[in-house]
Amino acid sequence: MELVLGMKDSYPSEVKRKREMEFVLRHLFEEWGYEEVEPPTIEYYSTLENTLGDEAKERVYKFVDRNGKLVSLRPEFTTSIMRMYSKKELRESAPHRVYYVGKIFRYPSSPLRVEGELTQLGLENLGKNGIDTDAEIIALALSALLALQELGIEDFMLDIGHVGIFQGLLSSLPLSPPEKLFLKTLLKKKDFVALENFTSISSHPLFPFLLHLPFLRGKREILEETKNNYPLSPPLVEALNYLREIWDIISDFHLEEHVFINLGLVRDFDYYTGVVFEGFSPRSGYPLLTGGRYDELLEKSENSLPACGFALFLERLMEVQRVNPKEKHSFFITITYPPFLRSSIFILAEELRKEGIPIIMEEKGEDIQVLQEKELIYQGKDEEKIKTIILERFKSWES
Amino acid sequence: MGKLTISIPTGRMKEESLALLSRLPQCPPLDLINSRQLVVEREDLPWRIIFSHPKDSSTYVEFGAADIGIVGKDILLERENEVYELLELPIGKCTMVLAAPLSTSREELLKKEALRIATKYPNFTRRYLQERGITANIVFLYGSIELAPPIGLADAIVDLVSTGKTLRENRLQVVEEITPVSGRLVANSISIKIHSQEINFLVEELKEVTSYV
C-alpha cells in the first residue's frame, strides 16, 4: 500500500483549509459574473503539444488510449478551455467569462519533490481583447489575493510585465534565429553571466537594457525612468506605454498597493502575447498566481480567439498561509447512549444537526454521556438537560 | 525590511569570498568573522552571513534561506539550481576538463568500447557526453577522482583543474578543456524582486571593485 511517487495525501485539516479558500474564491468570481466550467481530466496530447515548452512537455503524464492515441492528464486548464470555446457558435457568442477548479498533473521537476498533482483555481475571459479586459483580469487577480487575506494569506505582491518587452528586444537586436533561441534560453535560465558574454550584441545600445532587466522593477515611476535611461525602440516604448495605461486603471480602482511593474518578468508558457503577471509572497519561492493574455493560442488552428486569464495554485497558497492554531481543530460532539434511548437520541441528534452542530452517535454504555473530544461533561438520563448543555457548550466554543 | 542574507561557501572559496566582499566600501574588514560560526549576524555588517557547504550554497539561495550567495560555476552546472546568475567573480578560477592517463592518446580513449569516466559531477558529465556524442558509463565518486584511472576504476575523469599539479602527479593529461569555471554571485528569484534595488547596488559595486583585477 505505497503512495505513488510524487503524489500526496491530504487529511481533514488540510482539505478544510483548501475548501475554505475555494469557497471564498468561487464566491468572488461569481460576484464578477464568471461561471464555472468543467473540462475533462484527460486531453489528447496533440491538443496540448503546441502550447507547451520543451521542459513542460517532458513533465506531462502521457499514456495510450484503447485506439492507440496518445492522451495526457491535463498539465493546466487554459488549453482545455480554449478547446471548449473554439467551436464556431461559441466563438460567435463571445465574450465568455468562465472559471474552473480542479487538479492539474505534472511530473515533479525533481524526483525529490512532491508536486505531481496540484489544485488550480482560475478564470478566463474569452473573446475580448483590449486594455479594459486586461485591467479587469488584473483587478480580479488582486481581489482574489485580497479576499484570501482573511484566511491568513499576508504580504503578497503582484508583478505585472509585458511579453512585448522581450519580443521588442529580440526584434531590435541583430540576431540570427538560432541566436534568438539561445538568448531566450539564457533569459529563462536567468543566466546573466552568459548574457553578458554574448559578444555579438555587446556593443548594441540596447544591451545594457537587456542586462538590467531583472532590476527594472518598481511602481509607476520605473516606466518613465526606463524610457529616460535607455534608447528604447518603438515596440518597447509601446509595451511600456501599455503598462502605464494598465497601471492607471488599476490605481483608479484603488488596487495599486500590492502591484509592481516588472519589466524582466518572463513566464514559462510560450503562449502569452501581451500583458503577463505573477503573484507571489516573500514566504514562498514559487508563484502563487500566474496569468496573462494569450490571443494566439488558437491561431494555429485558424480559429483565433483572444483571451486573458489567470490561475491560483492552492497548495502553494496554503504553504504561505498563517494558520490560527485554534481554528485548526475540527470539532463535533459524540453522544454515547444505551440501546433503549436509541430512538429519542436520534430525534435529538437530528435536531442538533439542523442547528449546525456536528453529532456523532455511539451506542454503548449504561449511562448517557456527552463527550467532546473524549472529555466527559455530563452523565444522566434527562434528554432536555443534555440538549441544553450541548447548546450552551456549543455557543461557548463558537465564541 | 531587514538586511540581505548572503550565503558564502566554506572551503576553497571562503577566504577569497570574504576578501572580495571586504573590498566593498560599505563593508568592514571581514577577517574577524573568519570563525567557526555558521550564521553571523552583526550590527556593523551590511548583511547577515550564512556559511554553507560549497555544494549547498546555491541550494540555500534557491530555497530562499539566503537572498544571495557565492557559488562555484561547477556546482551550478551540476545542480542546475533555479537561481539568478548575476555576476562572474574573479575567485575560484579553474577549468572543467576531461583527463586521461598519459599512456592513452585522445583517439584511443574516444575509440574505446565500454568507456568508463569517473567524476564528482554526474549530471554535468552526462550532459557533456550527450552533447559530444560520446557513449560512456559514468562512475560517480565523492573524492580522489584522479586516482580512478591508475587503480583501474575508470578510463578517464571529468574534474576541475587549477594548476594541473594533481593531474601530473597521477600521470594524467588534459584531453579536452570543457569549460572555464569561477565563482558566481547568484540570487533567489523572489528576493531579486523584493530587494531589486539593494541587489542591483551590490552587483554594481562588485563590478566596480573587480573591474581592475
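**Helix packing, domains and chain contacts in the predicted model**

Residues are numbered from 1 along each chain as its sequence is written, and chains are lettered from A and ligands numbered from 1 in the order in which they are written.

Helix 11 (residues 221-229) and helix 12 (residues 234-252) of chain A pack at an angle of about 160°, with their axes 9 Å apart; axes are lines fitted to C-alpha atoms, for helices over the stretch in contact, and angles run from 0 to 180 degrees between N-to-C directions. In this pairing, A:Leu223, A:Thr226 and A:Lys227 of helix 11 meet A:Val237, A:Leu240, A:Leu243 and A:Arg244 of helix 12, where contact requires C-beta atoms, placed from the backbone, to lie within 7 Å. By class, this contact has four nonpolar, one polar and two charged residues, with Ala, Val, Leu, Ile, Met, Phe, Trp, Tyr, Cys and Pro counted as nonpolar, Asp, Glu, Lys and Arg as charged, and the others, Gly among them, as polar. Chain A as a whole has 15 helices and 16 strands, which are DSSP runs numbered from the N terminus (helices H or I, at least four residues; strands E, at least two).

Chain B is divided into domain 1 (4-93 + 182-210) and domain 2 (94-180), the bounds coming from an automatic or database domain assignment. The centres of these domains, taken over C-alpha atoms, are separated by 30 Å, and six residues of domain 1 are in contact with seven residues of domain 2. On the domain 1 side, helix 3 (73-79) and strand 5 (84-101) of chain B each supply at least two residues, with the largest share, three residues, coming from helix 3. This side of domain 1 has one nonpolar, two polar and three charged residues.

Between the chains, 17 residues of chain B are in contact with twelve residues of chain A. Strand 5, helix 7 (191-194) and helix 8 (196-210) each supply at least two residues of the chain B side, to which strand 5 gives the most, with five residues. The residues of this side divide into eight nonpolar, five polar and four charged.

Conventions:
This is a predicted model: local features need pLDDT of at least 70, side-chain atom pairs count only at pLDDT 80 or more; totals for chains, interfaces and linings use all residues. Two residues are in contact if their C-beta atoms, placed from the backbone, lie within 7 Å.
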